[in-house]
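Here is a short briefing on one protein chain. Keep the sequence and the 3D view open as you read.

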Amino acid sequence: GVKLLAAVGDMTGDGYPDLMGQRKGKPMMIWPGRGTNGLGTPYVAYGSIQGSKQISVGRWDKGGAPDTLVRQGRNLILYMGNGPGGFTGSRQLPIDVSPYNWIVGISDVNLKGHPDLVVRAKGTGQLFLIPGHKKSFGDPILLGRGWAKYNMVE
């Protein structure tokens, strides 16, 4: 019953990876990681968020807290981390993601200071790298073809 569920890295700053997600009509919650002790008691990280997928991207900017993206139809919304495991606010990024049926946040491949995305084009199965920039994304770079059969990424 939890939507937008994602492993978001260490949102709480305690050295353990955490989970974030929300139950229908409820606020976004964080389940703090406790290493070999599983997950801690969940708490509210932000109000209710609309979207179909949460995409963990680590630190989008130079801020000390991890951030996350949420897909809302053709849009990507950036939620900025506040440090103790929540978000300070959001803004829409200038990218149309409607051509893609996979979106995966990855590390900063080109070492420009922002996470990048790997996406798969609907219908063709082509994979692209979309480099992250300070306020948006660069042009897609073709990585390969023939990925239409694979479903285990998301």
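Which residues of the largest nonpolar core touch the most other members? They are Leu69, Leu76, Ile103, Leu117 and Phe137, out of 18 residues in that core. The model is predicted.

**Nonpolar cores**

- A second core is separate and has 13 residues, including Ile30, Val70, Ile77 and Phe87.
- In soluble globular proteins, nonpolar side chains tend to be buried together.

- S10 is largely enclosed by the rest of the structure, because six of its six residues are buried.
- In a regular strand, side chains alternate between the two faces of the sheet.
- Both faces of S10 are covered. Asp116, Val118 and Arg120 are buried on one side. Leu117, Val119 and Ala121 are buried on the other.
- S10 pairs with S9 in the antiparallel sense, over six bridges. Here Asp116 of S10 stands opposite Ile106.
- S10 also pairs with S11, again antiparallel, over four bridges. Val118 stands opposite Leu129 in S11.
- The hairpin of S10 and S11 has five residues between its strands. In this hairpin, Gly123 takes a positive phi near 80°.

**Open sheet S5-S6-S7-S8**

- Four strands form this open sheet, in the order S5-S6-S7-S8, with antiparallel pairing.
- S5 (53-58) and S8 (87-93) are the edge strands, and each pairs on one side only.
- From one strand to the next, the twist averages 25°.
- S6 (residues 67-72) and S7 (residues 75-81) run antiparallel and are joined by five bridges.
- Val70 has Ile77 in S7 as its bridge partner. Val70 and Ile77 both belong to the second core.

**Open sheet S1-S2-S3-S4**

- This open sheet also has four strands, in the order S1-S2-S3-S4, and the pairing is antiparallel.
- S1 (2-9) and S4 (43-46) stand at the edges with a single partner strand each, so one side of each has no neighbour in the sheet.
- Neighbouring strands here are turned by 35° against each other on average, direction ignored.
- S3 (residues 28-31) pairs with S4 in the antiparallel sense over three bridges.
- Tyr43 in S4 is the bridge partner of Ile30. Ile30 is another member of the second core.

**Salt bridges**

- How many salt bridges does the structure hold? It holds two.
- Side chains of opposite charge can pair when their charged atoms come close.
- Arg34 and Asp14 meet through their side chains, at 3.1 Å from N to O. Arg34 lies in the loop between S3 and S4 and Asp14 in the loop between S1 and S2 (18-23), so the pair ties together parts 20 residues apart in sequence.
- Arg34 counts as partly exposed because its relative accessibility is 35%. Asp14 is partly exposed too, at 34%.
- Asp96 and Arg74 form a salt bridge, with their closest N and O atoms 2.5 Å apart. This pair links the loop between S8 and S9, which holds Asp96, to the loop between S6 and S7, which holds Arg74, 22 residues apart.
- Asp96 is partly exposed at 33% relative accessibility. Arg74 is partly exposed at 48%.

How values were computed
Residues numbered from 1 in each chain as written. Predicted model: local features only at pLDDT ≥ 70, side-chain atom pairs only at ≥ 80, totals over all residues. Heavy atoms only, no water. Pairing = 2+ DSSP bridges. Helix = DSSP H or I, 4+ residues; strand = E, 2+ residues; numbered from the N terminus. Axes fitted to C-alpha atoms, helices over the stretch in contact; angles between N-to-C directions. Core = buried A, V, L, I, M, F, W, Y, C linked by side-chain atoms within 4.5 Å. Buried < 20%, exposed > 50% of the residue type's maximum accessible area, 1.4 Å probe, protein only. Salt bridge = Lys/Arg side-chain N within 4 Å of Asp/Glu carboxyl O.
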